Amino acid sequence: MCEVDGRRTTLLDSVPKVRHKRPKLKAVVFHEFGGRDVLQLEDVEAPSPGPGEVLLDILGCALNHLDVDVREGVSRFPVEPPFILGVEVVGRIAEVGEGVEGWQVGDRVMPFLMATCGECRFCLTGRESLCTNAGFISFSTSGGYAEQLVCSTRHLMRVPDELSDEAAAALQIAFGTAWHMLFERGRLRVGETVMINSVGSGIGSAAVQLAHLAGATVIGNASSDEKLTRAAELGMDHGINHATQDVVAEVMRVTNDRGVDLVFEHVGGTLFQHGLDSLDKDGRLVICGGHAGEVVPFDIIPFFRAQKSVIGSFVYTRREVEICLELARRGQIVPLVHKTFPLAEAAEAMATMERREHFGKIVLKP
């Protein structure tokens with residue numbers, strides 16, 4: 001012990017401090033809003049898990065149209081570049097933070113889309129999709145277009161051994177959303193008829209499988225006959241090419257002018273109105289998106305005279321995803337993967353999605 005300028009010190013104080021830097025990892029980052037050209041593969045500092053958190057080695061991340069909206073700056077979520085996209089992830093725990101119990105290095109997991117608070121009036125009544133203080137993957141954490149991410153253990157769900165990494169990455173949003181829309185919000189019942197818009201998409205192809213499994217008659221539409229053929233293999237009973245056929249006229253033809261009980265709508269634009277016009281009296285249209293047109297004309301008179309309903313739907317609950325994981329484990333539903341791309345080809349993966357060339361989900365693999 002010695003004294004320097006009136007301050008007591010030890011010999012250790014004179015030894016230079018060694019700062020251990022976290023290793024770098026690859027991630028797809030954008031620094032400004034725009035087209036696919038703003039996506040850059042960069043070296044970024046690896047995250048470190050804090051108390052109650054885990055570090056995941058990402059095994060796969062599925063693309064979603066929300067990623068396009070975020071990249072373009074039109075998502076209506078608070079986003080500030082630089083930003084790493086990707087909300088639908090499967091990974092393996094590489095490191096656990098202080099105080100973590102029940103999870104260990106090597107566990108293969110799926111982060112639930114959001115970490116809910118468990119305390120608000122919606123969480124306490126089983127409506128966690130409306131949580132007032134939810135932390136979303138990529139918005140409150142880093143995103144899945146990367147080699148690693150850190151998230152709270154509140155996010156984690158176990159992935160069945162029977163599912164591949166790609167299938168697990170493709171399941172959560174497609175089947176969780178479809179389940180929530182069809183059964184929780186749309187109240188689909190055995191024997192009813194449902195029209196599913198855009199059956200070639202991730203949630204459209206998932207909805208076909210779930211509605212068929214539930215004993216409904218399934219009418220679907222898509223932009224190509226090839227996609228309709230694929231959907232028929234999943235259980236679709238009647239297909240309509242909305243690029244070449246009159247959707248409403250075809251629905252009325254196959255239902256003997258009655259219309260459908262439920263429309264599964266996630267497209268917007270003209271298909272929203274086609275859906276309304278395809279409903280039977282007292283029919284329901286449940287909607288979760290509008291990438292083909294978020295602001296649409298609306299004819300009020302026939303809507304209320306036939307006592308039709310438009311029902312909004314937002315994400316899903318953890319329990320609904322767990323049900324779908326179990327159905328997939330049993331082989332009763334199949335997550336569809338159109339193609340996998342490496343991180344370096346994230347822009348081309350997005351281009352494939354934006355051109356609507358896919359049937360099922362597109363997955364990035366680090």
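Predicted model: local features only at pLDDT ≥ 70, side-chain atom pairs only at ≥ 80, totals over all residues.
Cysteine 123 is in no disulfide, and its nearest cysteine sulfur belongs to cysteine 131, 3.7 Å away.

Cysteine 123 has 15% relative accessibility and counts as buried. Cysteine 131 is buried too, with a relative accessible area of 12%.

## Helix H1 and its surroundings

Helix H1 covers residues 65-72. Its buried residues are Asp67, Val68, Asp69, Val70 and Arg71. After H1 comes glycine 73, which has a positive phi, near 80°.

## Packing of H1 against H9

Helix H9 spans residues 346-354, and H1 packs against H9 at an angle of about 115°. The two axes are 10 Å apart. This angle makes H1 roughly perpendicular to H9, and H1 passes H9 in a left-handed crossing.

On the H1 side, the contact is made by His65, Asp67, Val68, Arg71 and Glu72. On the H9 side, Met350, Met353 and Glu354 take part. By class, the residues of this contact are three nonpolar, one polar and four charged. Among the contributors from H1, Asp67, Val68 and Arg71 are buried.

## Packing of H2 against H3

Helix H2 (residues 165-185) and helix H3 (residues 202-213) pack with their axes 8 Å apart. The angle between H2 and H3 is about 55°, and the two helices are therefore oblique to each other. H2 passes H3 in a right-handed crossing.

From H2, the residues in contact are Ile173, Ala174, Phe175, Thr177, Ala178, Trp179, Leu182 and Phe183. They meet Gly202, Ile203, Ala206, Ala207, Gln209, Leu210 and Ala211 of H3. The contact of H2 with H3 has 12 nonpolar and three polar residues, with no charged residues.

Key. Residues numbered from 1 in each chain as written. Heavy atoms only, no water. Axes fitted to C-alpha atoms, helices over the stretch in contact; angles between N-to-C directions. Helix = DSSP H or I, 4+ residues; strand = E, 2+ residues; numbered from the N terminus. Parallel < 35°, antiparallel > 145°, perpendicular 65-115°, else oblique. Left-handed = near helix turned anticlockwise from the far one by under 90°. Contact = heavy atoms within 4.5 Å. Nonpolar A, V, L, I, M, F, W, Y, C, P; charged D, E, K, R; others polar. Disulfide = S-S within 2.5 Å. Buried < 20%, exposed > 50% of the residue type's maximum accessible area, 1.4 Å probe, protein only.
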